Structures are given as structure tokens and as C-alpha cells.
Amino acid sequence: HVPIIAVNSDPRESVAHFSACEARGFARVLDSWGTRSCPFVRLMRLEVRGSFGSEFVLNDALLAHRNPAAATRIVARLSGKSREVKGSGLWVSTAAGSPAAARSAGGILLPPLSRRWQVVFRETYTPRDFTRRIVLKEGDEFRVVNRSDDALLYLDGSHRRVSVKVGETLRFRAASRDVFLVWPSERRLLG
């Protein structure tokens with residue numbers, strides 16, 4: 001496992017919680033890693049499979065209609081049960097990504113090193129007995145069938161995205177390989 005030193009390249013705009021440093025602190029972190037005085041943390045990633053192949057996310061994925069004012073229609077499948085859902089989309093989040101958008105949409109805060117992950121349905125138009133949040137464990141798989149004609153899957157933010165076809169099934173699960181990040185001992189994990 002090769003640990004990564006994540007550097008926050010834009011501290012004015014980015015929280016970059018899992019960055020070990022900003023550019024000006026890189027040499028210090030690299031030196032402490034070289035002397036083995038800087039530990040690392042192990043973070044679970046998610047894998048999502050679709051017609052585009054496999055993509056990996058460290059924080060979260062958002063499935064939504066290209067037009068934010070349009071409804072997103074999906075069929076959610078978990079443990080052999082299916083449920084049609086209409087709303088503004090859904091977040092699929094790792095524990096590391098749980099303090100961000102998923103939590104704002106009604107998800108829960110998971111400990112950052114947890115092996116659990118969650119699905120949060122956004123602004124749903126569904127029966128009252130519908131569970132808008134599902135917490136999953138490492139071996140679980142969540143499937144969703146897209147019923148929207150112009151859907152996008154956003155991966156760890158707005159810059160990485162793929163189109164999702166009508167009728168396409170997306171499969172979410174814990175990735176088989178984690179990410180190892182150099183983590184200076186003076187930095188505190190949130191969560």
C-alpha cells in the first residue's frame with residue numbers, strides 16, 4: 001500500500017479535510033514521512049459500475065437530472081426489494097464524505113474511518129413510510145435503475161461526471177482497495 005500525501009492546492013476555496021498540508025507545508029510533511037514519524041489513515045472508497053465501466057469515489061456520488069429543477073426518477077434496489085423513487089436525486093456517500101452534502105441532505109455523520117456508507121434520497125416525493133436514508137456495511141451492494149431521460153452521475157464533486165442512460169443500472173459497493181493517506185499527528189479527524 002503506497003500512502004498518498006494529499007495537498008490542498010486552493011485553501012481559500014477548498015476545505016480539503018483529508019489533505020496533509022497546504023503547499024507551504026509539503027516539505028515538512030514529506031520529511032516526517034521519510035523519517036517514519038508521520039502515520040497514515042486508511043479510508044474506504046466506493047466503486048460504482050455502469051455502462052461506463054467502473055469509477056471510484058472517496059467522498060460521495062450524486063445521481064441527479066441534468067436540470068436541477070427537473071425530477072429525478074429511479075428504482076432503488078436493495079436486498080431483493082425494489083422501490084420507485086421520485087425526487088431531486090440521491091447521494092451515495094462514504095463515511096469520509098458523510099459530513100458534506102449527504103449530511104446536508106438528511107444523512108447522518110459517520111465516523112471518518114468507519115467501514116459503513118450511506119444512501120440519501122434528496123427531496124423525495126414518496127409515501128410517508130419511505131426511508132430516505134439507508135446505512136450500509138462494507139459487504140452490501142446498492143443498485144439503482146435510472147428512469148430519467150437526462151441524468152448525470154457526479155463523482156467526488158462537480159468536475160467528474162458521467163451520463164447515465166434511461167434504464168441503466170448502477171451498482172454501488174465498497175471498493176476492494178482502500179486509499180492510504182499520510183496524516184500528520186497534529187491533524188485531527190473530524191466526525
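**Figure 1. Burial and overall dimensions of the protein chain.** Of the 191 residues of the protein chain, 43% count as buried, where buried means under 20% relative accessible area, exposed means over 50%, and partly exposed lies in between (1.4 Å probe, protein chains only). This is a predicted model, in which local features need pLDDT of at least 70 and side-chain atom pairs count only at pLDDT 80 or more, while totals for chains, interfaces and linings use all residues. Residues are numbered from 1 along each chain as its sequence is written, and side-chain values use heavy atoms, with hydrogens and water left out. The C-alpha trace spans about 55 × 30 × 30 Å along its principal axes.

Figure 2. The protein chain contains two helices and 16 strands; helices (H or I, at least four residues) and strands (E, at least two) are DSSP runs, numbered from the N terminus. Among contacts between residues at least 6 apart in sequence, 65% join residues at least 24 apart, where contact means heavy atoms within 4.5 Å. The mean positions of the 31 positive and 19 negative charges are 4 Å apart. Lys and Arg count as positive and Asp and Glu as negative, whereas His and the chain ends are not counted; each charge is placed at NZ of Lys, CZ of Arg, CG of Asp or CD of Glu.

Figure 3. Strand E4 (residues 46-50) pairs with strand E15 (residues 169-174) in the antiparallel sense over four bridges; two strands pair if DSSP finds at least two bridges between them. Within this pairing, Leu-46 has Ala-174 of E15 as its bridge partner. E15 also pairs with strand E12 (residues 141-146), again in the antiparallel sense, over five bridges. Here Glu-141 stands opposite Arg-173 in E15, and the bridge partner of Phe-142 in E15 is Phe-172. In a regular strand the side chains alternate between the two faces of the sheet.

Figure 4. Strand E7 (residues 72-78) and strand E8 (residues 81-87) run antiparallel and are joined by seven bridges. Arg-73 stands opposite Lys-86 in E8. The hairpin has two residues between its strands, and Ser-79 takes a positive phi near 55° there. Ser-79 lies in the loop between E7 and E8 and counts as exposed because its relative accessibility is 68%. E7 pairs with E12 as well, in the antiparallel sense over four bridges; in E12, Asn-146 is the bridge partner of Ile-74.

**Figure 5. Glu-123 in a loop.** Glu-123 is found in the loop between strand E10 (117-122) and strand E11 (133-136). Glu-123 has a positive phi of about 40° although it is not a glycine. Most residues other than glycine have a negative phi. Glu-123 counts as exposed because its relative accessibility is 64%.

**Figure 6. The surroundings of Asp-60.** Asp-60 belongs to strand E6 (residues 60-65) and is buried, with a relative accessible area of 8%. Leaving aside neighbours within four places in sequence, the residues in contact with Asp-60 include Trp-91, Val-92, Ala-100, Tyr-154 and Leu-155. Asp-60 and Glu-141 are 81 residues apart in sequence and 15 Å apart in space, C-alpha to C-alpha.

**Figure 7. The surroundings of Ala-151.** Ala-151 is found in strand E13 (residues 151-155) and counts as buried because its relative accessibility is 2%. Not counting residues up to four places away in sequence, Ala-151 touches Leu-63, Ala-64, His-65, Arg-66, Asn-146, Val-162, Ser-163 and Val-164. One of these, His-65, is 86 residues from Ala-151 in sequence and 4.2 Å from Ala-151 in space, C-alpha to C-alpha.
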